[in-house]
Amino acid sequence: MPGPMPMTGAMDPQTQKMLEASVARPPLSWTTPEGWQEIPGSGMRLVTFRSADANDPVECALVSLAGDAGGLDPNAARWMRQVNIVVPEAPDMAEFLAAQKKIKTKDGFDATVIDLTRLQSRDDLESPSMTATVITLPDMTVFVKMTGSRGAVLKNRDQFEALCESLKLN
């Protein structure tokens, strides 16, 4: 499996520097899913998690950015491109996003789980895939993004959602 997918994709150094400057470091806490390893954050990541399955692992990153961080549609489109999914036209994208699961964090903040595995062939368990959660907090947006093969992402879905639901402001 290829290495971790970059959160920002290819961009010029000045844009990258601006984006990193907008990284918010909120006093968040969470419960690490059983069987996952927690790795201290660096750069834009508050923390990184890895599943224990060495043969088909997932990596999960927690990032927070100031404001709305560009909004749900542009971020979903960027994530689709990162895993080679053709971005749907506006009406189909709106329908896809509206159908995504809504959860609440421990503090009661609204979160949307964007499950890109639903846009991939059911028979394809090997292609890169992703599930990402967007959590809107006062003055910032938190992203929790799990990447790996489609099979690994599906296998770790419950742990991922438990992690997202466990998030709370200290």
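# Briefing: folds, rings and loops in a predicted protein model

Helix 2 is followed by Asn 84, a residue whose phi is positive, near 60 degrees. The structure described here is a predicted model. The protein holds 5 helices and 9 strands, and 46% of its 170 residues count as buried.

**Overall plan**

- Read from the N terminus, the elements follow the order α-β-β-β-β-α-α-β-β-β-β-α-α-β.
- Among contacts between residues at least 6 apart in sequence, 55% join residues at least 24 apart.
- The accessible surface of the protein comes to about 8,800 Å². Carbon and sulfur atoms account for 53% of this surface.

- Helix 2 covers residues 72-82. Its buried residues are Asn 75, Ala 76, Ala 77, Trp 79, Met 80 and Gln 82.
- An α-helix has 3.6 residues a turn, so residues three or four places apart point the same way.
- The buried residues of helix 2 pack against helix 3 (90-98), strand 6 (110-115), strand 7 (128-137) and strand 8.
- One of these buried residues, Trp 79, also takes part in an aromatic pair with Phe 143.

**Aromatic rings**

- A pair of aromatic rings is described by the distance of the centres and the angle of the planes.
- The whole structure contains 3 aromatic pairs. In one of them, the rings of Trp 36 and Phe 49 have their centres 6.3 Å apart and their planes at 45 degrees, so this pair is tilted.
- Trp 36 belongs to strand 2 (residues 36-40) and Phe 49 to strand 3 (residues 45-51), so the pair ties together parts that are 13 residues apart in sequence.
- Both partners are enclosed: Trp 36 is buried with a relative accessible area of 9%, and Phe 49 is buried with a relative accessible area of 1%.
- Trp 79 and Phe 143 form an edge-to-face pair, with 5.7 Å from centre to centre and 80 degrees between the planes.
- This second pair links distant parts of the chain, since Trp 79 lies in helix 2 and Phe 143 lies in strand 8 (residues 140-149), 64 residues apart. Both Trp 79 and Phe 143 are buried.
- Ring pairs also link Trp 30, Trp 36 and Phe 49 into a cluster.

- Strand 5 (residues 101-104) and strand 6 run antiparallel and are joined by 4 bridges. Across this pairing, Lys 104 stands opposite Asp 110 of strand 6.
- The hairpin of strand 5 and strand 6 has 5 residues between the strands. In this hairpin, Gly 108 takes a positive phi near 90 degrees.
- Strand 6 and strand 7 also run antiparallel, with 5 bridges joining them. Ala 111 has Ile 135 of strand 7 as its bridge partner.
- In a regular strand the side chains alternate between the two faces of the sheet.

**Loop residues with positive phi**

- Asn 84 has a positive phi of about 60 degrees although it is not a glycine. Asn 84 is found in the loop between helix 2 and helix 3, and it is exposed, with a relative accessible area of 69%.
- Asp 139 likewise is not a glycine, yet it has a positive phi of about 70 degrees. Asp 139 sits in the loop between strand 7 and strand 8, where it counts as exposed at 70% relative accessibility.

**Cysteines**

- The structure holds 0 disulfides.
- The sulfur of Cys 60 is 6.4 Å from the closest cysteine sulfur, that of Cys 164, which is too far for a bond. A disulfide would require the two sulfur atoms to lie within 2.5 Å.
- Cys 164 is accordingly in no disulfide, and the nearest cysteine sulfur to it is that of Cys 60.
- Cys 60 counts as buried at 0% relative accessibility, and Cys 164 counts as buried at 0% relative accessibility.

Definitions and conventions:
Residues are numbered from 1 along each chain as its sequence is written. Side-chain values use heavy atoms; hydrogens and water are left out. Rings of Phe, Tyr and Trp (its six-membered ring) pair if their centres lie within 6.5 Å; planes under 30 degrees apart count as stacked, over 60 as edge-to-face and the rest as tilted. Helices (H or I, at least four residues) and strands (E, at least two) are DSSP runs, numbered from the N terminus. Buried means under 20% relative accessible area, exposed over 50%, partly exposed in between (1.4 Å probe, protein chains only). Contact means heavy atoms within 4.5 Å. Accessible areas come from the Shrake-Rupley method with a 1.4 Å probe; for residues, only the protein chains shown count as cover. Two strands pair if DSSP finds at least two bridges between them.
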